[in-house]
Amino acid sequence: MAAHGQAEYESVLCIKPEVNVYRIPPRASNRAVRAADWKLDAPDWTGRMRVTARGKVAYVKLEDKISGELFAQAPVDEYPGIIVETVSDSSRYFVLRIQDDNGRTAFIGIGFGDRGDAFDFNVALQDHFKWVKQENEFSKQAQLPDTTPKLDLGFKEGQTITINIGQSKRKDRSRPQGSGGLGLLPPPPGGKLAPPPSRSTNHNTQPSAGGSDTGCLLDLDASNSNSVAPSNPTSTASSDLWGDFDSVSQN
């Protein structure tokens, strides 16, 4: 952000109202630092701690409790690292490398009376540099060229598509028709057909009707026989008349 000429804002990561500062002896070797070698019962300075961040750099500031005047500060560009180190015999004490405006550095010891304050200080630095690591990864990915193949969804030359909207094919199923044009119902489940409804039959009237028809036919036969029978005397009489005519003519 500073490279673009924009002013970076300072965010507060952690504030602890009381921290003790100790002068530590110079290191004789590369062995781990022990807080037991310090004068823990007689701190050299007591004040408050304020941890801030400007861009990717964190600042551990030791300030006066009342006036807020800066006593010392340590710019931290990585954690864990040489700027903020833990001791080997306690989780409440740290070795801090401070730096003045002229660039001079010195190592001091700091400690918290409460173990929870030391935990919050440690977590505040861890969270900040976890964010810094993610930002660095995003910047690297943005600088890499995009080598993934791009999906071409455009139409090729002469390529067309056909869209059918609102057109559906339906199959007409013909149903068997019975007498009278009425459709037959499908059989019930199980494959058994229901028996047809019974028709009411009057057994008393049906034979009488047939008897009456037979009687009428017999009557017609009798009348026909009666009407035909008299034709014989007529023919006989006519023959008699011709006989008489013949007899007369002979005389």
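This short talk goes through the nonpolar core, the aromatic contacts and one surface patch of the structure above. Please keep in mind throughout that the model is a predicted one.

Let me begin inside. The largest nonpolar core has 27 residues, and those with the most contacts inside it are Met49, Val84, Ile110 and Phe121. Several elements contribute to this core: strand E1 (10–23), E2, strand E3 (57–63), E4, E6, strand E7 (105–111) and H1 each supply at least two residues. Helix H1 gives the most to this core, namely six residues. As general background, nonpolar side chains tend to be buried together in soluble globular proteins.

Now to the rings, where the count comes to seven aromatic pairs. How do the two partners stand in terms of accessibility, buried or partly exposed? Trp45 counts as buried because its relative accessibility is 17%, under the 20% cut-off, whereas Phe71, at 43%, counts as partly exposed.

The pair of Phe94 and Phe121 has its ring centres 5.2 Å apart and its planes at 75°, so this pair is edge-to-face. Here too distant parts of the chain are linked, with Phe94 in strand E6 (residues 93–99) and Phe121 in helix H1, 27 residues apart. Phe94 has 3% relative accessibility and therefore counts as buried, and Phe121, at 0%, counts as buried as well. You will recall that Phe121 is also among the residues with the most contacts inside the largest nonpolar core.

Two further ring features deserve a mention. Tyr22, Trp38 and Tyr93 form one aromatic cluster.

Finally, let us move to the surface. Which residues form a nonpolar patch there? They are Phe155, Ile161, Ile163 and Ile165, and together they have about 510 Å² of accessible area. Ile163, one of these residues, lies in the loop between helix H1 (115–143) and helix H2 (205–228). Why does Ile163 count as exposed? Its relative accessibility is 63%, and the cut-off for exposed is over 50%, so Ile163 falls in that class.

Terms used:
Residues are numbered from 1 along each chain as its sequence is written. This is a predicted model: local features need pLDDT of at least 70, side-chain atom pairs count only at pLDDT 80 or more; totals for chains, interfaces and linings use all residues. Side-chain values use heavy atoms; hydrogens and water are left out. Patches are made of residues with over 30% relative accessible area and no salt bridge: like charges are joined within 9 Å, nonpolar side chains (Val, Leu, Ile, Met, Phe, Trp, Tyr) within 5 Å. Accessible areas come from the Shrake-Rupley method with a 1.4 Å probe; for residues, only the protein chains shown count as cover. A salt bridge is a side-chain nitrogen of Lys or Arg within 4 Å of a carboxyl oxygen of Asp or Glu. Helices (H or I, at least four residues) and strands (E, at least two) are DSSP runs, numbered from the N terminus. Buried means under 20% relative accessible area, exposed over 50%, partly exposed in between (1.4 Å probe, protein chains only). Rings of Phe, Tyr and Trp (its six-membered ring) pair if their centres lie within 6.5 Å; planes under 30 degrees apart count as stacked, over 60 as edge-to-face and the rest as tilted. A nonpolar core is a set of buried Ala, Val, Leu, Ile, Met, Phe, Trp, Tyr and Cys residues joined through side-chain atoms within 4.5 Å.
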